[in-house]
Amino acid sequence: MNPKSTPQFHPDQFMLADYAAGTLPGAVALPLVVHLEHCGQCRSETQQLEEVGARLFEGLDPVPVNEDALEQLILRLEDDSVQPALGAIPVRSGLPRVLQGLVPDGLDALAWKRIGSLRSSRLHFGDPRREVALQHISAGGKVPQHGHRGTEITVVIHGSFSDQDGCYRPGDFLMRGPDDAHRPVAAQDGDCLCLAVLDAPLRFQGLLGRIVNPFLKIRPR
Ligand SMILES: [Zn+2]
C-alpha cells in the first residue's frame with residue numbers, strides 16, 4: 001500500500017472555507033491540516049479560498065474593534081496550535097508536522113488507555129470542549145460497534161482501517177455524526193494510527209455499551 005496515495009475522503013467545502021477564513025476552531029483545524037498535508041486538491045482549494053477572502057477583506061471599510069479583539073488576535077498568532085500552518089508530508093518522526101509539537105517525546109512516551117485492541121491517548125491541546133486524541137488499532141484489531149453522541153472527526157496518520165462504508169488510508173478525513181454507527185477494523189498487514197477529535201463521548205452498542213456508556217466522558221486536556 002502506498003502511504004502517499006491521494007486521499008479518497010475529504011473535508012467538505014464549508015470546512016475548508018472556515019479554515020481559509022481562520023474561523024475553524026483549532027482542534028478541528030488539526031485533523032484538517034493533517035489531511036491537507038496529504039491532499040494537493042484540498043490544498044489548492046484552500047489557497048483559492050484564502051485569496052478570495054483576502055480580496056474581499058481589501059474591499060471592506062475598516063470597522064472599529066474593541067480592545068480585547070487585538071489581544072485575542074495576538075494570542076491566536078502566538079499559539080501555533082490555534083491555526084496550524086500547511087506543510088509537506090513529514091518523514092522524520094513519522095508524525096505529521098502539525099502534530100509533532102503535541103507529541104514532543106514520541107508516541108512511546110504518551111499515556112495510552114486500552115479498550116480491546118484500541119489504544120487511545122489524549123493530547124494536551126487546550127480546547128475545553130473537544131478531546132483531541134491519538135487512536136491506535138493493532139493489525140487486524142476490531143473496535144467495538146459504536147455510534148456517536150456528537151461529532152467525531154478522524155484522520156488516518158498511518159496504516160489503514162475499514163468499516164461498512166469504505167477503507168481509509170493516510171490522509172483520509174472522516175466526520176461521523178450522531179446518526180452514524182460503525183465498527184472500524186484495522187488492516188491485517190499493519191497497525192493503524194489515527195487522530196480523532198471528539199466533542200461528545202462515543203456510544204458503544206450491545207452489552208458492552210450498557211456497561212461502559214454511563215461512564216464515558218470526553219476529557220479535554
Ligand atoms: Zn482533500
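A: **The salt bridges**

Arg-176 is buried, with a relative accessible area of 9%, where buried means under 20% relative accessible area, exposed over 50%, and partly exposed in between (1.4 Å probe, protein chains only). The model is a predicted one, in which local features need pLDDT of at least 70 and side-chain atom pairs count only at pLDDT 80 or more, while totals for chains, interfaces and linings use all residues. Residues are numbered from 1 along each chain as its sequence is written, and side-chain values use heavy atoms, with hydrogens and water left out.

Side chains of opposite charge can pair when their charged atoms come close. The structure holds three salt bridges, a salt bridge being a side-chain nitrogen of Lys or Arg within 4 Å of a carboxyl oxygen of Asp or Glu.

Arg-176 meets Asp-163 in one of them, at 2.5 Å from N to O. This pair links distant parts of the chain, with Asp-163 in strand β6 (residues 161-163) and Arg-176 in strand β8 (residues 173-176), 13 residues apart; strands (E, at least two residues) are DSSP runs, numbered from the N terminus. Both Asp-163 and Arg-176 are buried.

Arg-176 also forms a salt bridge with Asp-165, at 3.2 Å from N to O. Asp-165 lies in the loop between β6 and β7 (166-168), so this pair ties together parts that are 11 residues apart in sequence. Asp-165 counts as partly exposed, at 47% relative accessibility. Salt bridges that share partners join Asp-163, Asp-165 and Arg-176 into one network.

A further salt bridge pairs Asp-127 with Arg-130, whose closest N and O atoms are 2.9 Å apart. Asp-127 counts as buried at 11% relative accessibility, and Arg-130 is buried with a relative accessible area of 15%.

Note on methods: Helices (H or I, at least four residues) and strands (E, at least two) are DSSP runs, numbered from the N terminus.
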